[in-house]
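Hi everyone, thanks for coming.

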Amino acid sequence: MSPGLPLNRIERATLGAQIAEQIRTSVLQGAFEPGHQLSEIALAEHFGTSRGPIREALQTLVNEGLLKRESHRGVFVPVVTDEDIADIYRARGAVETAAMKHIIAVGSGADVRTRLDKVVDEMAAAADADEWARVVDLEMQFHSEVVKGADSPRLSRMYSTLIDETRLCLILTIASPGRYDLVDEHRHLAALLDTQDPQPAIEAVEAHMREATEALHRQRAEKTSDHGTQ
């Protein structure tokens with residue numbers, strides 16, 4: 001420690017960070033409708049605090065892409081567009097393919113595959129039990145494990161935000177359950193890591209992201225159409 005440097009003990013989590021975590025959980029659980037405005041005054045009253053920590057929490061979530069700030073209007077739960085969906089999955093594909101190329105280049109695919117196979121086994125059990133919310137959680141865990149396998153703190157940090165935005169897409173577009181082929185698709189992705197050629201793995205990830213984007217576009221169109229007929 002440098003002599004004379006005025007350092008104070010820092011709490012592990014600020015009040016703003018704790019509030020951000022609670023709001024994040026509510027948003028990802030679909031507690032707010034798309035377009036819902038989050039009021040600093042109402043949140044301060046709810047949490048029994050001043051508006052400072054609320055402002056800090058909301059800005060954190062805006063930076064993560066889970067909330068949207070509109071000039072002179074406030075902070076809102078975003079309305080997910082087709083462009084948002086395409087961009088999120090494009091970014092996910094870029095991060096995942098970078099991770100896969102590194103895993104295969106350094107020869108750590110067998111170790112990563114062991115962890116992924118366990119996740120896929122849990123996905124299969126959840127699908128058999130028609131526990132589709134659990135399947136979605138495990139799918140997100142699968143892809144996070146792929147990126148984690150690259151041992152890159154920066155890729156993992158970028159991907160954690162993308163996973164939260166993906167969950168937001170799935171909630172706000174009402175992703176449809178019943179895709180039993182997801183289990184076989186992810187088992188195939190895991191197997192491709194345990195090879196010496198990265199190209200098949202890259203092509204498989206690109207196809208996976210493309211199909212997911214198209215499916216979410218269809219679901220969003222169907223939801224919009226259903227609301228238009230009500």
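Before I point at anything, one term: two strands count as paired if DSSP finds at least two bridges between them. Keep in mind, too, that this is a predicted model.

β1 and strand β3, residues 74-76, are joined by two bridges, and they run antiparallel. If you want a spot to look for, find Gln37, which sits opposite Phe76 in β3.

You get an open sheet of three strands, ordered β1-β3-β2, with antiparallel pairing.

Okay, zooming out. The chain has nine helices along with those three strands. Going along the sequence, the pattern reads α-β-α-α-β-β-α-α-α-α-α-α. There are 230 residues, and 40% of them count as buried. And of the contacts between residues at least 6 apart in sequence, 74% join residues at least 24 apart.

Last stop, the second largest pocket. It holds about 280 Å³ of space. The elements that give two or more residues to its lining are β2 (68-70), α4 (82-106) and α7 (153-173). In total 17 residues line the pocket, and Gly65, Lys68, Pro78, Val79 and Asp84 lie nearest its centre. By type, the lining splits into nine nonpolar, three polar and five charged residues.

That's my tour, thanks!

Note on methods
Residues numbered from 1 in each chain as written. Predicted model: local features only at pLDDT ≥ 70, side-chain atom pairs only at ≥ 80, totals over all residues. Heavy atoms only, no water. 1 Å grid on protein atoms, 1.4 Å probe; cavity = no way out; pocket = protein on both sides within 12 Å on 5 of 7 lines; lining within 4 Å. Points joined across faces, edges and corners; volume = space filled by probe spheres on them. Helix = DSSP H or I, 4+ residues; strand = E, 2+ residues; numbered from the N terminus. Nonpolar A, V, L, I, M, F, W, Y, C, P; charged D, E, K, R; others polar. Buried < 20%, exposed > 50% of the residue type's maximum accessible area, 1.4 Å probe, protein only. Contact = heavy atoms within 4.5 Å.
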